[in-house]
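Welcome! Below is a short tour of a structure that may be new to you. Have a look at the sequence and the model, and then we will walk through some parts together.

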Amino acid sequence: MNEKRNGPSLTLLLGTPVTEPQGSLFGRLKDIAVATGADAGRIAGLVLKTKQGLELVPATEVRSTPSGMLELRSTDALRPLRGDENFILLKQDLLDRQIIDVHGRKVVRVNDVDLQWFSRDEKQDLRVREVEVGLRGAVRRLLLGVVPRNALDMLARKIPARVIPWEFVDVIEVDPARRVKLKIEHDRLAQLHPSDIADILEELAPAEREAILTTLDEEVAAEALEEVEPKLQKALVESLDSETAAGIVEEMDPGAAADLLAELPEERSEAILEEMDPEERQEVEDLLEFREDSAAGRMTPAFVQAPFEATVADGVEALRAFEGSPESITEVYLVDEQGILKGVVPLGRMVLAKPATRLAVLTEQRVISCKADDHQNYVAELFDKYNLRALPVVNEEGRLVGIVEADHVIAFLRDKI
Amino acid sequence: MLRRWRTRILLFLAVLGPGFITANVDNDPNGILTYSQSGAQFGYSLLWTIIPITLALIIVQEMCARMGVVTGKGLSDLIREEFGLRMTVLIMALLVIVNFGNVIGEFAGIAGSLQLFHLSKYISVPICALLVWLLAVRGDYKSVEKIFLAASVFYIAYIITGVISGPSWRTAIVATVKLPGKSAWSQPGYIFMVVSVIGTTIAPWMQFYLQSSIVEKGVSIRNYAATRLDVIVGSIFTDVVAWFIIVACAATLWAHGMGNIGVPADAAEAMKPLAGAYAFLLFAFGLFNASFFAASVLPLSTAYTVCEGLGLESGVDKSFREAPVFYWLYTLLIAGGTAVVLIPDFPLVQFSIFSQALNGVLLPIVIVFMLFLINREDLMGKHVNSAWFNAAAWLTAIIVTILSGILVVQQVAGAWKH
């Protein structure tokens with residue numbers, strides 16, 4: 001534990017003289033390179049500034065001496081740094097930059113990086129322990145060179161640290177060639193709740209947002225995008241190419257997708273629609289026909305329906321066959337041969353009933369529905385009055401065309417506040 | 001077709017905002033005082049400065065807007081990332097002091113303008129401070145921005161005052177496009193006034209505020225043309241207002257040889273018998289609006305900028321517990337500004353000179369940093385400055401630097417003598 005606390009910090013280590021085995025000065029420590037790809041997160045080597053230019057040396061070939069200098073074991077392991085290795089350089093790419101704290105689910109700025117010597121195969125190796133985002137790192141940086149190193153180190157240790165363990169750090173460095181370097185593939189990020197990912201996206205700059213959105217799985221990206229505020233949603237989709245955008249929009253809830261596409265310029269939304277699967281495209285295009293502030297503009301065409309004569313077992317089958325996300329379902333809708341809405345069965349009643357029971361028996365006494373062109377304010381009123389979870393939307397002939405879910409209403413009401 | 005036109009107009013209205021607001025806040029009580037003084041002391045002979053100032057303002061503001069749109073990051077973010085923590089802390093410390101000085105100026109403006117209506121400052125200032133504080137903490141950004149936009153419209157009060165004051169239009173227009181003769185330059189204090197007018201029009205906080213607001217608005221590069229228009233329209237409108245303030249004071253105070261103005265409210269008071277009650281009312285109302293408006297923007301902008309640069313949580317949509325530094329800084333700036341104005345016999349003028357001098361120190365640093373940042377291809381891609389724009393921008397930077405330097409020296413020397 002004690003050893004753990006005494007690792008060097010990046011800012012204190014930078015600029016340290018590096019000597020050859022014989023003791024003559026060889027260069028100074030300029031930066032520390034961290035690997036990406038398979039070895040992501042491991043220190044690939046120390047970058048030394050020498051008379052010959054920048055050289056990279058593995059940390060195992062360097063020994064820290066009691067006098068606070070670094071000593072090369074031999075000069076054989078040195079190789080020049082070409083600059084196209086796709087490393088993350090701790091000083092250049094991490095210090096002062098924004099990173100994602102995957103554990104704390106937010107975006108923070110790096111003040112310092114804590115490193116740690118550890119033994120490996122009887123040699124000393126260096127690893128990144130944690131990233132400092134609090135006052136301690138800041139004080140260390142500000143007073144460096146003003147206060148003697150040892151005193152500064154003592155002082156800094158008195159300040160409580162705010163650190164993020166290295167494994168929870170997600171670096172989103174975009175280099176000049178617009179390639180994105182990632183410390184980890186966004187595995188941990190993808191496991192966050194879509195709303196948390198959305199919050200993180202909102203904190204970042206456009207290039208970084210794009211980078212993250214395109215590396216995420218399409219389904220995760222779609223869920224996150226649904227939670228992002230509309231203005232930003234639009235900006236994000238506009239920055240993606242049509243194909244990538246179509247891939248994500250396809251995975252979105254059709255209602256949300258239609259709302260998003262309606263916000264885009266016409267050429268752009270058409271280009272995205274063009275790239276989409278015909279089936280999803282049709283659904284979204286149908287929704288785009290409606291006014292945004294009408295019930296139809298708020299609804300989703302993804303719902304579970306069953307014939308009026310169906311039994312509970314049939315209803316369960318219909319649920320299994322449902323393609324959308326099952327967790328949003330609260331009711332099953334009964335329709336006749338023409339698709340006219342005949343009844344609404346809450347999921348709870350279905351669960352409690354026997355498989356052979358007819359669904360028509362379980363239906364609500366009075367079916368509450370609204371017309372496609374009803375105003376959204378009216379929809380909200382119905383939700384309030386009848387304590388609804390979902391509201392079926394019917395067209396002129398009474399045919400079921402979609403449903404409005406409670407979260408859509410909440411989203412719209414919050415916009416109004 | 002109809003839909004396309006509607007989108008276009010909506011797009012412009014949606015984008016009209018940050019640039020327009022920023023430029024307008026620039027006409028704060030300090031600015032109004034400077035313009036009034038220049039009109040009262042030197043008549044129309046300082047009007048020629050308006051066109052070059054407008055150009056300089058546009059050049060500087062446009063760079064900020066472009067950086068905000070392309071990088072999606074605030075100016076303090078960029079300074080932090082590219083110039084390191086130490087430089088950021090230094091600049092932020094300077095900015096807080098400078099802006100605190102400005103905040104005091106705004107509250108002094110509120111006090112002065114309401115005193116014209118016989119409202120004691122011990123009542124008006126605390127109430128306004130509370131309103132300002134609530135506006136940001138309890139309102140959301142969208143409605144706050146709408147209020148600010150609406151407040152910008154009230155600057156028209158100055159234009160009307162200018163018209164009512166019955167100036168000699170011909171003289172005014174000629175003086176705007178023609179450099180004055182030698183005799184004007186040899187007047188005592190003339191050069192100092194030129195420097196002051198330029199110095200008050202381009203302030204360091206504006207660059208930070210504008211860039212952050214544009215980032216907050218999430219303008220994409222495709223819609224940049226509209227944002228640029230917003231910046232240009234805003235800068236021109238602001239300087240048109242400045243022009244009318246100078247003209248109004250020239251037509252009334254200067255024409256009657258009343259050149260001495262200490263605080264902006266003096267101008268309104270002096271105008272009363274010369275241009276009538278309406279001119280007085282409009283001038284006083286304009287002053288109150290400008291003070292209140294700037295008092296709402298400056299503390300908020302300072303808190304945002306500092307927290308962004310230092311990587312602390314910020315934003316009015318966060319709770320007090322989530323973003324403590326942001327709210328404390330914001331609250332302290334307002335409370336401190338109010339307290340200072342209410343202290344009897346506080347050396348207000350000296351303090352304002354001190355903060356103006358720091359303004360002059362900070363501005364060149366900020367502009368030079370901006371020029372370095374905006375020419376970095378890895379940040380800006382193909383949106384770096386073009387060669388001629390760079391030439392114009394560097395020229396602006398150099399002139400502003402020299403003028404700020406002169407201003408600092410003059411003010412410090414002046415304060416020394418007192």
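## A covered strand in chain A

Let us begin with strand β17 of chain A, residues 331-335, where 5 of the 5 residues are buried. Here a residue is called buried if 20 or more other C-beta atoms lie within 10 Å of its own, exposed if 12 or fewer, and partly exposed in between, with C-beta atoms placed from the backbone. Helices (H or I, at least four residues) and strands (E, at least two) are DSSP runs, numbered from the N terminus. In a regular strand the side chains alternate between the two faces of the sheet. In β17(A), A:E331, A:Y333 and A:V335 point one way, while A:V332 and A:L334 point the other way, and all are buried.

A word on the model itself: it is predicted, so local features need pLDDT of at least 70 and side-chain atom pairs count only at pLDDT 80 or more, while totals for chains, interfaces and linings use all residues. Residues are numbered from 1 along each chain as its sequence is written, and chains are lettered from A and ligands numbered from 1 in the order in which they are written.

## The neighbours of β17

Two strands are said to pair if DSSP finds at least two bridges between them. Strand β16 of chain A (residues 305-307) runs parallel to β17(A), joined to it by 3 bridges, and A:A306 stands opposite A:L334. To get from β16(A) to β17(A), the chain passes through helix α16 of chain A (residues 312-321), in a right-handed β-α-β crossover. Right-handed means that, with the strands pointing away from the viewer, the path from the first strand over the helix to the second runs clockwise.

Strand β18 of chain A (residues 341-346) is antiparallel to β17(A), with 5 bridges between them. There, A:Y333 has A:V344 as its bridge partner. These two strands make a hairpin with 5 residues between them, and A:G339 in the turn has a positive phi of about 85°.

Another hairpin is made by β9(A) and β10(A), with 4 residues between the strands; A:R105 takes a positive phi near 55°. Strand β9 covers residues 98-101 and pairs with β10(A) in the antiparallel sense over 4 bridges. One bridge partner pair is A:Q98 and A:R109.

Chain A also has an open sheet of 3 strands in the order β11-β12-β13, with antiparallel pairing. Its edge strands are β11 (112-120) and β13 (163-165), each pairing on one side only. Between β12 (residues 123-132) and β13(A) there are 3 bridges, and A:E132 has A:V163 as its bridge partner.

## Where the chains meet

How many residues of chain A are in contact with chain B? There are 18, and they meet 14 residues of chain B; contact means that C-beta atoms, placed from the backbone, lie within 7 Å. On the chain A side, β10 (106-109), α4 (135-143), α8 (206-215) and α10 (230-239) each supply at least two residues. The most come from α10(A), with 5 residues.

## The nonpolar cores

A nonpolar core is a set of buried Ala, Val, Leu, Ile, Met, Phe, Trp, Tyr and Cys residues joined through C-beta atoms within 7 Å. The largest has 127 residues, and those with the most contacts inside it are B:F107, B:I245 and B:I246. Helix α15 of chain B (residues 277-310) gives this core its largest share, 19 residues. A second, separate core has 101 residues, among them A:V18, A:I272, A:A310 and A:V394.

Notes. Two residues are in contact if their C-beta atoms, placed from the backbone, lie within 7 Å.
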